Amino acid sequence: MQRIEELVRSFQEQELLLPVWFENEKLHFIDQKKLPFESDVSSTKDVNELALAVKNMTIRGSGAIGTCGAWGIYLAALQSNGDLKTILNAGTLLKQTRPTAVNLMKTVDEMLSVAKEEGEDLIDRVEQKTVEILERQLAFEHELGRNGAEMIEDGDAILTHCHSGALAGSGYGGRALSVIRKAHEQGKSIHVYTCETRPYLQGARITAYELKKFGIPHTLITDNMSGYLMSQGKVQKVVVGSDRVAGNGDLANKIGTYMHALAAKANGVPFYTATSSHTIDHDVEAGRDIEVEFRDASEVTSFQNRPIAPEGTHALYPSFDITPNDLIAGIITEKGVMVAPYTSTLQNLRATAGSRV
Ligand code: RUB
């Protein structure tokens, strides 16, 4: 526990915006559904409660969900005093919470393979692995941020969708906002258009909140305004995150992303995804094979428990969509910016990024 608590203290000294952290023998997390109006923090020692928080989107964003794979296994190890069967069951539970974000599955598997090793010191091994994963994820944010910032020119207006920021990741800027934050820190004069992102409004509530905190000039737009702005020459780049990238470069991201990518292509605006090598799923050949999460229709017919449509209205909520690789100008990762043909550049990335990919 000492190593974890030391790591969290060092993160806190770096003034990171942490979605999840461990302190006083408990895991703490911010309720992202209530931001920015309330900063409600919950605490738990129970992996079941953590899994529920991921499922109901109290903790969300693929990077943060990914680290919950590590936190969850660590909690299960502590809770069960290192009982392997309980830990394996916790892994199954965690993986069932959200189907699209592949970081969650990969991180759980990485943790479980350490838990399954021979030896007495299971809790220590799991703790050590948690520390390693958290440090690595944060390092990725800085590296991919620097790589992506090279794509950004002084004076650019950048459109982003949903929230691919610090609280969706490891606290610096997540993926898309790490690129934007690095460009801003390099002194480039940039402006961000943040799409509100129906129905959860992650863009309005959380991206705008972080951009304000980071001092980055921004304008909130509704999702259906992006095509018009691009046609007027108001947007120079689109940068979004990814919940999963297929081996051929097709990507799954928050519903609405595909629409922005089409508008970007039609208007000659480069569309990038900022992500880590960990988000590339080489077991999935193309976007059509990625499981898209469908959430309850009530999340569309109401907002924060207030109905916004007549009672009984039929609604549909695919939570993600697939953007085909021919709409993507580049996949920004911690190893560099991958360009088409993606099947081979992503294979090369796999070779250089090592076994974790
Ligand atoms: C969040 C979402 C974000 C992605 C990608 O989905 O789609 O755009 O997670 O961002 P939800 P990142 O709110 O449903 O979890 O790659 O930074 O995770």
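User: What makes a residue count as near the ligand here, and which come nearest?

Analyst: A residue is near a molecule if one of its heavy atoms lies within 4 Å of it. There are 17 residues around the ligand, and Arg60, Ser62, Arg98, Ser164 and Lys254 come nearest. Do keep in mind that this is a predicted model, where local features need pLDDT of at least 70, side-chain atom pairs count only at pLDDT 80 or more, and totals for chains, interfaces and linings use all residues. Side-chain values use heavy atoms, with hydrogens and water left out, and residues are numbered from 1 along each chain as its sequence is written.

User: How is that shell made up by class?

Analyst: It has three nonpolar, nine polar and five charged residues. Ala, Val, Leu, Ile, Met, Phe, Trp, Tyr, Cys and Pro count as nonpolar, Asp, Glu, Lys and Arg as charged, and the others, Gly among them, as polar.

User: Why is His28 called buried?

Analyst: Buried means under 20% relative accessible area, exposed over 50%, and partly exposed in between (1.4 Å probe, protein chains only). His28 has 12%, so it is buried. This residue lies in strand 2, residues 26–30; strands (E, at least two residues) are DSSP runs, as are helices (H or I, at least four), and both are numbered from the N terminus.

User: And why is Pro270 called partly exposed?

Analyst: Pro270 has 26% relative accessibility, so it falls in the class in between. Its place is in the loop between helix 10 (257–266) and strand 10 (271–274).

User: What makes Cys162 and Asn305 worth a look?

Analyst: Most residues other than glycine have a negative phi. Phi of Cys162 is positive, near 60°, and Asn305 has a positive phi of about 70°. Cys162 is buried because its relative accessible area is 6%, whereas Asn305 counts as exposed because its value is 77%.
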